[in-house]
Structure formats: C-alpha cells, structure tokens
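Hi,

Here is the structure I promised to pass on to you.

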Amino acid sequence: MDDVSALAAEHLALAKKDPHGISAYLFLHDGPLRQSVIALSSGSSLEEHNTPPAASIYVLQGRVRLTEGTADQDIGSGQIQRVPQLRHGVLALEDSVFLLTAVTGIGTE
C-alpha cells in the first residue's frame with residue numbers, strides 16, 4: 001500500500017530541486033490502469049501531449065492549469081477534472097502535486 005500524502009511531499013521536494021521543476025512516480029500499474037503522483041514547482045509545466053483513452057487529474061496540493069487551446073481550466077487543491085480527449089499540457093500556477101489516473105487501453109497487458 002502506498003501513502004499518497006508521503007509520495008506527494010517527497011516528489012514536491014524533488015521537483016523543487018529538479019532543473020525542470022518536475023518529479024513523477026508511477027505507483028500503481030494494473031493492466032490498463034495507471035496512477036501517478038506528479039509534482040510541479042511553480043511555473044513549471046508538462047508540455048503538450050496526447051490523452052490516453054481515459055484520464056483524470058486530482059489536485060492534492062496547489063493549483064494547476066490544464067491547457068488545451070482556448071478552453072484552459074484551472075484546478076485547485078481538492079478538485080478533480082476529467083482530462084479531455086484533446087492534446088493538452090499542465091502548468092503549475094503554484095507549487096503543486098496531482099494524482100493522474102489514466103486508462104491506457106482496454107483489457108489487461
């Protein structure tokens with residue numbers, strides 16, 4: 001069993017030391033299901049990328065902006081947002097940690 005709060009604190013500390021301001025850890029991999037803790041220091045970002053078949057972002061700490069062209073969405077601590085089926089990025093508006101849940105396909109691998 002993983003302690004998500006401990007993972008969040010650990011990876012935010014690592015992100016603050018990282019030159020790109022990012023630290024991530026895949027802590028659950030079960031068939032097509034993936035869950036990761038991702039920490040971003042304020043102002044850092046995940047570049048635009050494709051969305052898996054299904055995904056959500058749950059912000060554990062801080063505030064992030066889900067960037068998707070003209071429909072950017074700010075997500076704050078305690079909020080969860082489905083990730084749309086569009087190319088998108090994530091920008092940290094402040095030091096932030098979020099739980100990314102993704103389903104990468106159907107069936108088991």
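Let me begin with the surface: the chain exposes about 6,100 Å², and carbon and sulfur atoms supply 52% of that area. Please keep in mind that this is a predicted model. As for the interior, buried residues make up 39% of the 109 residues in the chain.

On overall dimensions, the C-alpha trace spans about 40 × 35 × 25 Å along its principal axes. A compact globule with 109 residues would have a radius of gyration near 13 Å, and the chain has 13 Å, so the two agree. Contacts across the sequence come out as follows: of those with a separation of 6 or more, 65% are between residues 24 or more positions apart.

Turning to secondary structure, you will find 1 helix and 9 strands. Along the sequence they follow the pattern α-β-β-β-β-β-β-β-β-β.

The part I looked at in detail is an open sheet of 4 strands, in the order β3-β8-β5-β6, with antiparallel pairing. Its edges are β3 (45-49) and β6 (73-76); each has a single partner strand, so one side of each is left without a neighbour in the sheet. From one strand to the next, the twist averages 20°.

Within that sheet, β5 (residues 63-67) and β8 (residues 88-92) run antiparallel and are joined by 4 bridges.

Best wishes

Technical notes. Residues numbered from 1 in each chain as written. Predicted model: local features only at pLDDT ≥ 70, side-chain atom pairs only at ≥ 80, totals over all residues. Heavy atoms only, no water. Pairing = 2+ DSSP bridges. Helix = DSSP H or I, 4+ residues; strand = E, 2+ residues; numbered from the N terminus. Axes fitted to C-alpha atoms, helices over the stretch in contact; angles between N-to-C directions. Rg over C-alpha atoms; globule rule 2.2 N^0.38 Å. Buried < 20%, exposed > 50% of the residue type's maximum accessible area, 1.4 Å probe, protein only. Contact = heavy atoms within 4.5 Å. Areas by Shrake-Rupley, 256 points an atom, 1.4 Å probe, with all protein chains shown as cover.
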